Amino acid sequence: MTVHERPQPVDASVVPRFAGAATFMRLPSVASAEGLDVALVGVPFDGGTTNRAGARQGPREVRNQSTLIRRTHHATGVSPYDRIAVADIGDAPTNPFSIEGSLDLIEEFFKDIKMADAKPIAVGGDHLITLPILRALARDRPVGLVHFDAHSDTNDRYFGNNRYTHGTPFRRAIEEKLLDPRRMIQIGIRGSTYDRDEHRWAREQGVAIRYIEDVARQGPEATMDEAIAIAGAGPLYVSFDVDSIDPSMAPGTGTPEIGGLTTREAQFMLRRLQGLEIIGADVVEVAPPYDLGGMTALVGATMMFELLCLIAGRIGDPPANQV
């Protein structure tokens, strides 16, 4: 795809942000990932939620709030639309009456993205959506993971023998050899647990768990130095749960936990991943029914833009005036 074929967002200085159809970053809506470097996609599924449902509405409201995002990253100077081909390819199909049916539908949708040689940035939906995405992207070799969250999501079963919930995706992904646990770090973990050994299994696999107290003690910069060292070279997936943010700044989520990251800390931490081989990413657990003034959806849209700029900064063409 040539520079002139790269989709461009609607210019907010020409068409007001409140006008027109809402798409991710006001980009064109296209039918498939063919010809794209990055595919922006919604996954409106919250069938894995164990308490407050509502994240199925996340992609629609994140699209709405993303109309506030302009072309160029103010800190890094990256304008992704000048460097790569990126567009909104719509929503993955889901079945609200079948968890495993939805997992299959989502996986097949993301397989098509991979076949098109595009990198997906997904908006959920609850955190279970990460499992079928990884099944599509990492079936041929395990990948690393940088995971921002209040919860480890490495539990085994809920409510009897239910193996697929938003509290289990990373356990399943490790068991299925989609993730290399020695290249995994979970950042911002906090809140009460079901028992004192809840995170033992993850640690035994080699997962690095950094509680919010660890982040506070060593600071965001040192935490990300560690994350980069653990992730290392090689393919990497980034998963950002909005409940990693303190609910004073992101109340619209299914399982809020006080004492979280600030939005500024999260932005700074994501930017440190520049240059790594990110094969895909997601922003999950935005639940508009519990939001205030769209602020959590705006957090989701902003983190999505940070991720887009990371990928564009690595794989995209340099600016015309840069040697």
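Two strands are taken to pair if DSSP finds at least two bridges between them. Helices (H or I, at least four residues) and strands (E, at least two) are DSSP runs, numbered from the N terminus. The model is predicted, and local features need pLDDT of at least 70, side-chain atom pairs count only at pLDDT 80 or more, and totals for chains, interfaces and linings use all residues. Residues are numbered from 1 along each chain as its sequence is written, and side-chain values use heavy atoms, with hydrogens and water left out.

Strand E7 (residues 236–241) runs parallel to strand E8 (residues 278–284), and 6 bridges join them. Phe-240 has Val-283 in E8 as its bridge partner. Helix H4 (residues 130–137) packs on the sheet and touches strands E3 (119–124), E4 (143–148) and E5 (179–189), as well as E7 and E8; contact means heavy atoms within 4.5 Å. The direction of H4 makes about 170 degrees with that of E7, where axes are lines fitted to C-alpha atoms, for helices over the stretch in contact, and angles run from 0 to 180 degrees between N-to-C directions. Helix H7 (residues 212–231) also packs on the sheet, touching E4, E5, E6 and E7, and its direction makes about 155 degrees with that of E5.

The sheet is open and has 8 strands with parallel pairing, in the order E2-E1-E3-E8-E7-E4-E5-E6. Strands E2 (86–91) and E6 (208–211) stand at the edges with a single partner strand each, so one side of each lacks a neighbour in the sheet. From one strand to the next, the twist averages 15 degrees.
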